[in-house]
Amino acid sequence: MDTTIMAGDVFSANDNNLSKKMNLKATAVSAGVTLLGVALWVCSKMFLYAPDSSLYMFAMFVAITVFCVGATRLLFFGKEYVYKPTGSVVKQYSMLYKGEDLIPVTRAVEASDVASVGKLRKDDNAGLRLDILLSDDGKFASCQIFKWVPHSFEPASKVYLLGAEAASQLAEYVKKEEIAPVK
């Protein structure tokens, strides 16, 4: 098949294919929430200022909390990965399997056999995780298998770049199974 194997983790191995782009909608919402926090703080200082008042303390708490939520969103949730050749947004998906299915999952991914990956039994209390990067247009996909070792998932395979045909099949499968993106 047309599968390429690369070393690294699922995002860093795709540096040639992916770029980070600012998500304008998420950035605008985050900036709005941050400004709302500032406005609440100013209003509480102007209209409710009484150092001993519990209403003033509550308004300050709400203002600072809203500001911190907005600032955190602004710093961490304003960017997204984009597949360079098509400009399509790339999302990450994860599927969980039983730990003893490492060899069948690896063989299916190596062969770009999306049907076999779908037929393997999924398990929420899994010892195996298949991470997938998939573009919205279905023209790019990469996979990496992770195995559970106490307290975290560790890479159990290299990153596999799937060809265009396998990527479109995987996109159809993810849509059909209604697998939600990780972020």
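Author: Let's take a helix, the cores and the strand pairing in turn. Keep in mind that this is a predicted model.

Reader: Fine. Which residues of helix 3 are buried?

Author: In helix 3, residues 102-110, the buried ones are Val 105, Thr 106, Ala 108 and Val 109. They span an arc of only 165 degrees around the axis, so they sit on the same side of helix 3.

Reader: And what's on the other side of helix 3?

Author: Ile 103 and Arg 107, which are exposed.

Reader: What covers the buried residues of helix 3?

Author: The cover includes strand 4 (88-97), helix 4 (114-119) and strand 5 (128-135). Strand 6 (141-149) and strand 8 (159-162) are also part of it.

Reader: Switching to the cores. How many residues are in the largest nonpolar core?

Author: It has 24 residues. Met 95, Tyr 97, Val 109, Leu 130 and Ile 132 have the most contacts inside it.

Reader: Which element gives the most to this core?

Author: Helix 5, with five residues. A second, separate core has six residues, including Leu 18, Tyr 83, Val 90 and Phe 140.

Reader: Now strands. How do strand 5 and strand 6 pair?

Author: Antiparallel, over seven bridges. Leu 133 stands opposite Ser 142 in strand 6. Five residues lie between the strands in their hairpin, where Gly 138 takes a positive phi near 75 degrees.

Reader: What joins strand 6 to strand 7?

Author: Four bridges, again with an antiparallel run. Trp 148 has Phe 153 in strand 7 as its bridge partner. That hairpin has two residues between the strands, and His 151 takes a positive phi near 85 degrees.

Conventions
Residues numbered from 1 in each chain as written. Predicted model: local features only at pLDDT ≥ 70, side-chain atom pairs only at ≥ 80, totals over all residues. Heavy atoms only, no water. Buried < 20%, exposed > 50% of the residue type's maximum accessible area, 1.4 Å probe, protein only. Arc of directions from axis to C-beta. Contact = heavy atoms within 4.5 Å. Core = buried A, V, L, I, M, F, W, Y, C linked by side-chain atoms within 4.5 Å. Pairing = 2+ DSSP bridges.
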